[in-house]
Amino acid sequence: MFVHDSTAELWSDSTVKCVLVPHDHQLEVELRNADGSAFLRKTVQTRQAALNEAEYLRLLLCAAGRSTPYRALKPFALVIEDDRDNFDALIEGLRLSGIRTLGCRTGAEGLCLGRDLAPDLIVVDYCLPDANGVEICRDLRENPETASTPLIAVAASTEALRAEGCQADAVLTKPCPIGTLLAAARLFVRHLPDGADVPS
């Protein structure tokens, strides 16, 4: 569960706890065992970077049991984003990584394309002109054609999005570095070409 206090727990499961620890003029994201001992530390400069790092670590731990069938075609992602600059950056970054990509700028269009095109991954912005990302993710989860499609939501405030019950598999903080998005995407789209270029 995500919380607002910067010194508190970011998330936990039955065996691992992720916490944010202020350290001098930086922040440390720590993974701790059930007994409270830290087994991984990552130093970051900003709270936004800390939240993205915590989410990425959560996904890494969840990915071990996930398998993805081999596909002959390149994987396909749908991006639902209305901001022109973010739209272009997401589309270009995913394409450079070896993912075929299609984008749209409204939630209604995204829902239709998600049902009709069966993408391997859907990236959803929180603020859309006709709906918010929480509603879009809920509608995608409730539709049989998209219920199992991996969803990545991007938002300026991930805590607010989580608090609203967002059903995305990953929630990343905007502005989200393309490398962070692609690292998360690779946890769901496991059959990307080995030689795919990931922008720095």
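Tutor: Let's start with β7 (residues 121-125) and β8 (residues 151-155): these strands run parallel and are joined by four bridges. One place to look is V123, whose bridge partner in β8 is I152. Strands here are DSSP runs of E at least two residues long, helices are runs of H or I of at least four, and both are numbered from the N terminus. Two strands count as paired if DSSP finds at least two bridges between them. In general, strands of a sheet pair through backbone hydrogen bonds, either parallel or antiparallel.

Before going on, a word on what you're looking at: this is a predicted model, where local features need pLDDT of at least 70, side-chain atom pairs count only at pLDDT 80 or more, and totals for chains, interfaces and linings use all residues. Residues are numbered from 1 along each chain as its sequence is written, and side-chain values use heavy atoms, with hydrogens and water left out.

Now step back to the whole sheet. It is open, with five strands in the order β6-β5-β7-β8-β9 and parallel pairing. At the edges sit β6 (100-104) and β9 (170-173), each pairing on one side only. On average, neighbouring strands are turned by 20° against each other, direction ignored. Helix α2 (residues 84-96) packs on this sheet and touches β5 (76-80), β6 and β7; a contact means heavy atoms within 4.5 Å. The direction of α2 makes about 165° with that of β6. For such angles, axes are lines fitted to C-alpha atoms, for helices over the stretch in contact, and the values run from 0 to 180 degrees between N-to-C directions.

There's another sheet to compare: an open one of four strands, ordered β1-β2-β3-β4, with antiparallel pairing. Its edge strands are β1 (9-12) and β4 (38-44), each pairing on one side only. Within it, β3 (residues 26-32) and β4 pair over six bridges, and L27 has V44 in β4 as its bridge partner. Altogether, the protein has six helices and nine strands.

How far can you trust the picture? The average pLDDT (the predictor's confidence in each residue, from 0 to 100) is 81, and 85% of the residues score at least 70. Over residues 1-5, though, pLDDT is below 50, and over residues 194-200 pLDDT stays under 50. Where pLDDT is low, the predicted coordinates should not be read in detail.
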